[in-house]
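Me: I have a protein chain to go through. Please start with the terms and then take my questions.

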Amino acid sequence: MVDSINRYSDLKEKGFGDRTTIWRKVRAGEFPSPQNILGRPGWLESTLQKWLESQPVMDKTGLE
């Protein structure tokens, strides 16, 4: 299986926010740090998937 690389534009399309929002979340420890991929920051799809699976799930009332 090939692990795709996500760049800022990909993350924005997926609803993670723009470049500033992503870096703010990375610095706050609320989003995975990028890897240096071909000299540019990028996030492997598997890294994002693992991070998403680790996030708490909210029910319809807004409670975990």
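Reply: Contact means heavy atoms within 4.5 Å. This is a predicted model, in which local features need pLDDT of at least 70, side-chain atom pairs count only at pLDDT 80 or more, and totals for chains, interfaces and linings use all residues. Residues are numbered from 1 along each chain as its sequence is written, and side-chain values use heavy atoms, with hydrogens and water left out.

Me: What share of the contacts with a separation of 6 or more comes from residues 24 or more positions apart?

Reply: Such residues account for 41% of those contacts in the protein chain.

Me: In what order do the elements run from the N terminus?

Reply: The order is β-α-α-β-β-α, with three helices and three strands in the protein chain. Helices (H or I, at least four residues) and strands (E, at least two) are DSSP runs, numbered from the N terminus.

Me: Which residues form the largest nonpolar core?

Reply: Its nine residues are Tyr8, Leu11, Phe16, Ile22, Val26, Phe31, Trp43, Leu48 and Trp51. Helix H1 (8–13), helix H2 (19–27) and helix H3 (45–54) each contribute at least two of the core residues. A nonpolar core is a set of buried Ala, Val, Leu, Ile, Met, Phe, Trp, Tyr and Cys residues joined through side-chain atoms within 4.5 Å. Buried means under 20% relative accessible area (1.4 Å probe, protein chains only).

Me: And what does Trp43 touch, beyond its neighbours within four places in sequence?

Reply: Trp43 is in contact with residues including Ser4, Tyr8, Ile22, Phe31, Pro34 and Leu48.

Me: How much of the chain is buried overall?

Reply: Of its 64 residues, 22% count as buried.

How values were computed
Buried means under 20% relative accessible area, exposed over 50%, partly exposed in between (1.4 Å probe, protein chains only).
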